[in-house]
Amino acid sequence: MALIDFKVLPGIDKQDTTSGAENRWVDCDNTRFRYGLPEKVGGWSSLVTDTIVGVARRQFAFVDLDGNRYIAIGTDKFLLIYFEGQLYDVTPLKTTLTSCTIATVNNSAVCSITKTSHSLSAGDIVLLDSVTLPVGTGYSDSDFEDKLFQVTSVTSSSVFTITQSSNATATVSTGGSLSVKPYETVGPAEQSYGYGWGIDTWSSGKWGEAASASDVSLEPGLWSLSNFGQVLVATIANGKTFTWNAGDAARLTTRASTTTSGFSTSANPTATRVSLVSPTTRHLIHLGTETIIGDTTSQDDMFIRFSDQEDINDYTPTAINSAGSQRLQDGTKIIGSLKAKETILVWTDNALYTMKFIGAPFTFGFEQVGTNCGLIGKNAAIEIDGAAFWMSNNGFFMFDGTVKSLPCSVEDYVYDQADTTKGQQVYAGINNLYTEVVWYYPSTSSDYNDQYVVFNYGEAMKGGVWYIGTEARTSWIDASVYPKPSATKFDDSASGSFPIIVGEDGLGQTTLFEHEVGTDQVNPNGSTTTVTSFVKSYDFDIQSRQQNAQGKSTGPSISGEVFLAMRRFVPDFKDLQGNAKVTLAVKRYPQQSDTNTSLSPFTINSSTDKKDTRARGRFVNIKIENTDVSESWRFGTLRIDIQPDGKR
């Protein structure tokens with residue numbers, strides 16, 4: 001019998017059944033589509049030998065006036081700088097707690113520190129300084145001096161505990177002297193619902209009544225990162241704004257601060273949901289911020305305030321400056337914002353606004369351009385070449401001058417398994433080299449991002465195609481300042497190595513990877529982990545395909561009536577490095593489980609001409625995959641030798 005070609009269209013279709021998704025692929029992982037063909041994605045390699053403590057939520061790449069390149073990384077605990085293969089801790093500090101005392105308990109690593117009205121919480125990070133221990137603890141001053149600790153517990157407004165790496169040798173009541181430098185608090189590692197007393201507002205119920213889980217969402221620790229020239233501007237979500245000057249000679253040993261010389265933010269709002277620097281006018285814009293600067297209780301989630309042009313610390317409107325404010329109307333809170341071509345896009349939880357510079361007297365003009373298209377999370381939108389793409393609570397959208405809903409062939413699959421209550425953890429990235437927009441999101445079975453969905457807008461002849469995967473990231477930046485994209489992967493079961501925190505427990509580990517490098521995952525210790533990948537086709541109706549190949553009409557009702565026998569197939573790979581595995585699976589009826597054909601899976605290499613097989617069924621599908629290191633593939637067309645083999 002003649003060989004019959006089975007050509008499959010690019011992209012994944014999960015809106016239909018596996019037999020109804022005609023001429024489509026139905027599942028994949030670590031696979032992309034390029035020029036209509038499926039291929040394994042590129043590998044990734046750790047940029048540093050250290051791993052980061054905590055979960056990274058934002059990256060931002062920029063350069064200084066000398067051309068030095070940096071990546072700022074905001075985590076749930078720290079603000080870090082990646083520079084020339086190393087990480088530096090530039091996390092801002094709160095006011096130092098002086099004249100503290102310390103106590104130990106024999107055979108225990110838990111140490112109690114006393115300071116009236118310390119205002120610390122369990123999980124906070126503190127830096128100890130000027131340490132003089134009481135006599136007899138079994139520790140030396142150097143065990144505490146200039147070291148980071150995690151607050152283990154808070155026993156009262158005057159006492160909190162830390163955990164040393166070894167036990168004390170005696171019980172010593174409070175004594176000695178030390179200073180405690182608390183790190184600025186960023187927020188929880190994951191988004192969750194709030195429980196307990198005092199969460200509910202007084203007006204919505206009785207005083208002290210606990211809010212239900214559906215009333216309050218505790219957002220994760222997030223950052224807004226942008227640049228004012230060579231100065232990094234970093235805002236903690238619902239917190240303060242800090243600057244870090246890359247032009248400072250001692251920059252790598254200097255922390256971000258509200259009092260950075262020449263770039264102070266001491267007069268900035270102290271509670272802001274999102275901030276950014278306007279690209280051409282250089283206003284520092286605060287969104288979801290205070291109506292009274294410095295009064296956190298006045299924070300209005302729909303209120304926007306912007307500084308004077310070229311002065312990021314002046315927010316008082318006058319007749320001779322361009323500072324000002326505006327309140328948006330549609331929605332309950334501003335979620336996110338992006339710089340786009342000749343405009344700034346602002347999303348609430350329900351609408352999209354444009355913010356454009358119009359000059360005096362109003363400075364910026366605002367226009368609502370969409371409704372019922374709100375943003376699911378602060379980092380869930382991305383812009384490329386003047387077009388914005390984003391994920392909402394109920395679908396995917398784009399804006400190119402007009403808001404448009406994006407038809408999505410995997411939409412039900414994504415939203416059926418996505419935990420939309422953790423929308424602030426969703427992270428959108430762009431991989432411009434492959435014309436991909438990717439959203440990383442947490443499924444209902446995970447506390448952190450563990451899935452992704454891609455829209456490949458470059459397959460323009462097909463209106464763009466969609467595909468999915470499981471190699472999730474918590475942040476991503478495209479190649480621009482650096483030649484390759486970089487992304488962060490989080491493991492909540494491991495411990496990070498930077499910064500070093502004595503007694504650290506349960507903070508997890510983030511790895512910073514450079515993407516599109518090689519074929520596999522290169523870990524911080526230099527070891528290699530296989531990047532496996534696969535793509536699986538829909539269930540071919542092999543009877544109708546065989547009849548079509550003979551120039552016969554299949555008719556309206558005989559599809560899948562006759563069993564067919566497969567004798568051989570010819571693999572067609574555009575590129576193949578190492579081996580690939582091909583599995584042919586058959587079934588009698590669409591609802592049945594796959595049965596692998598005899599001899600499957602077949603190992604294919606660059607010298608393979610054909611493979612003989614023996615299989616019988618009404619439907620067949622193909623799966624291409626790799627399972628070992630140094631393997632990569634790009635698949636073309638499947639050709640199968642089939643013939644009729646009865647009706648039973």
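This tour moves through a predicted model, from a sheet to aromatic pairs and then to salt bridges.

Begin by selecting residues 427-431 and 465-469, which are strand 36 and strand 39, the edge strands, each pairing on one side only. They belong to an open sheet of four strands in the order 36-37-38-39, with antiparallel pairing. Neighbouring strands here are turned by 20 degrees against each other on average, direction ignored. Next, display residues 436-441 and 451-456: strand 37 and strand 38 pair in the antiparallel sense over six bridges. Within this pairing, valine 438 stands opposite valine 454 of strand 38.

**Aromatic rings.** Select Phe389, Phe396, Tyr415, Trp439, Phe455, Tyr457 and Trp466, which ring pairs link into a cluster. The model holds 29 aromatic pairs. One of them joins phenylalanine 357 and phenylalanine 364 in an edge-to-face arrangement, with 5.9 Å centre to centre and 75 degrees between the planes. Phenylalanine 357 is partly exposed, at 42% relative accessible area, whereas phenylalanine 364 is buried at 5%.

**Charges over rings.** Select arginine 282 with phenylalanine 228: the charged end of the arginine sits over the ring, 4.0 Å from its centre. Lysine 623 places its charged end over the ring of phenylalanine 534, 4.8 Å from the centre.

**Salt bridges.** The count of salt bridges is 23. Select arginine 634 and glutamate 39, whose closest N and O atoms are 3.3 Å apart in a salt bridge. Arginine 634 lies in strand 55 and glutamate 39 in strand 5, so this pair ties together parts 595 residues apart in sequence. Arginine 634 is buried at 8% relative accessibility, and glutamate 39 is buried at 7%.

Proceed to glutamate 219 and lysine 333, which meet in a salt bridge of 3.7 Å, N to O. Glutamate 219 is in the loop between strand 20 and strand 21, and lysine 333 in the loop between strand 27 and strand 28, 114 residues apart. Glutamate 219 is buried at 17%; lysine 333 is partly exposed at 26%.

Glutamate 471 and lysine 489 form a salt bridge with their closest N and O atoms 2.9 Å apart. Lysine 489 is partly exposed, at 28% relative accessibility. Finish with Lys536, Asp539, Lys587 and Asp594, which are linked in a network of salt bridges.

Notes
Residues numbered from 1 in each chain as written. Predicted model: local features only at pLDDT ≥ 70, side-chain atom pairs only at ≥ 80, totals over all residues. Heavy atoms only, no water. Phe/Tyr/Trp six-rings, centres within 6.5 Å; stacked < 30°, edge-to-face > 60°. Buried < 20%, exposed > 50% of the residue type's maximum accessible area, 1.4 Å probe, protein only. Lys NZ or Arg CZ within 6 Å of the ring centre and 35° of its normal. Pairing = 2+ DSSP bridges. Helix = DSSP H or I, 4+ residues; strand = E, 2+ residues; numbered from the N terminus. Axes fitted to C-alpha atoms, helices over the stretch in contact; angles between N-to-C directions. Salt bridge = Lys/Arg side-chain N within 4 Å of Asp/Glu carboxyl O.
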